[in-house]
Amino acid sequence: LENGVNVAFQVNGAAKKVLVDSRMTLLDTLRERLELTGSKKGCDHGQCGACTVIVDGRRVLSCLTLAASCEGKSVKTIEGIAQGNQLHPMQEAFLKHDGFQCGFCTSGQICSAVALLDEAKKGEASYVTENVRKKPTPVSLSDEEIRERMSGNICRCGAYPNIVAAIQEVHSGKPVEQT
Ligand code: FES
Ligand code: FES
């Protein structure tokens, strides 16, 4: 393989080693080499968030991330969000609040939301959304802040109120009435 590079990394807790073209994105590697097609290719240009995965605890756009840059890192995709047969609370909340229609954006939304709540716990800045990149994520999130910090994840179906309600419910730990 011309420009071939071996990448050894963890994907959803399992050690993986793949020989990829050095220019291959993490998104294409996941989808085409590791048969993990839950991460979606919406735009392939960092505009839509459908490809969002979690690398070493931080959300990244896998279409803008080279697989080779993930050497030694730990990648989590939507396929690794549930614990065994037990859905992640964020997945349960998306179901409860109808946080999706066609579902194309959903794996990216859920990965982004899971990492967002970790950012809030640790007071870290968002890594997806350019306009909030430098601001630490507040521990207490208003709906407005959730919207802002999820603004890198586009939903063509317009499920935004349901998505915000789902995230707020997991974040606050209290049932959220949908408006
Ligand atoms: Fe990566 Fe759209 S496919 S941001
Ligand atoms: Fe269809 Fe979001 S549910 S794009």
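Hi everyone, thanks for coming. Please keep in mind as I talk that this is a predicted model.

Now look at the start of the chain. Strand 1 and strand 2 are antiparallel partners, joined over 8 bridges. Together they make a hairpin with 2 residues between the strands, and in that turn Asn 12 has a positive phi of about 50 degrees. With strand 5, residues 74-76, strand 1 pairs in the parallel sense over 2 bridges. If you want to find that pairing on the screen, Val 11 stands opposite Val 75 in strand 5.

One residue I'd like you to click on is Ala 8, which belongs to strand 1. Is Ala 8 buried or exposed? It has 12 C-beta neighbours inside 10 Å, so it counts as exposed. Across in strand 2, its bridge partner is Lys 17. Lys 17 also turns up among the contacts of Ala 8 when neighbours within four places in sequence are set aside, along with Glu 71 and Gly 72. And here is a pair to check with your distance tool: Ala 8 and Ala 67 are 59 residues apart in sequence, and their C-alpha atoms are 9.7 Å apart in space.

On to the helices. In helix 1, the buried residues are Leu 26, Leu 27, Thr 29 and Leu 30. The buried residues of this helix pack against strand 2, which runs over 14-21. Just after helix 1 comes Glu 35, with a positive phi of about 55 degrees.

How many of its 17 residues are buried? The count is 13, so helix 3 is largely enclosed by the rest of the structure. We can check its length too: at 1.5 Å a residue, 17 residues should span 24 Å, and the end C-alpha atoms are 24 Å apart, which agrees. After the helix comes Gly 123, whose phi is positive, near 65 degrees.

In soluble globular proteins, nonpolar side chains tend to be buried together. Here the largest nonpolar core has 44 residues, and the ones touching the most other members are Ile 110, Cys 111, Ala 113, Val 114 and Ile 163. Several elements each supply at least two residues, including strand 1 (4-11), helix 1 (26-33), helix 2 (89-96) and helix 5 (160-172). Which element gives the most? Helix 3 does, with 7 residues. Domain 1 (4-80) and domain 2 (89-172) both give residues to this core, so it lies between them.

To finish, let's zoom in on Cys 111. Beyond its neighbours within four places in sequence, Cys 111 is in contact with Thr 52, Val 53, Ile 54, Arg 59, Ile 78 and Ile 81.

How values were computed: Residues are numbered from 1 along each chain as its sequence is written. Chains are lettered from A and ligands numbered from 1 in the order in which they are written. This is a predicted model: local features need pLDDT of at least 70, side-chain atom pairs count only at pLDDT 80 or more; totals for chains, interfaces and linings use all residues. A nonpolar core is a set of buried Ala, Val, Leu, Ile, Met, Phe, Trp, Tyr and Cys residues joined through C-beta atoms within 7 Å. A residue is buried if 20 or more other C-beta atoms lie within 10 Å of its own, exposed if 12 or fewer, and partly exposed in between; C-beta atoms are placed from the backbone. Helices (H or I, at least four residues) and strands (E, at least two) are DSSP runs, numbered from the N terminus. Domain bounds come from an automatic or database domain assignment. Two residues are in contact if their C-beta atoms, placed from the backbone, lie within 7 Å. Two strands pair if DSSP finds at least two bridges between them. The expected span of a helix is 1.5 Å times one less than its number of residues.
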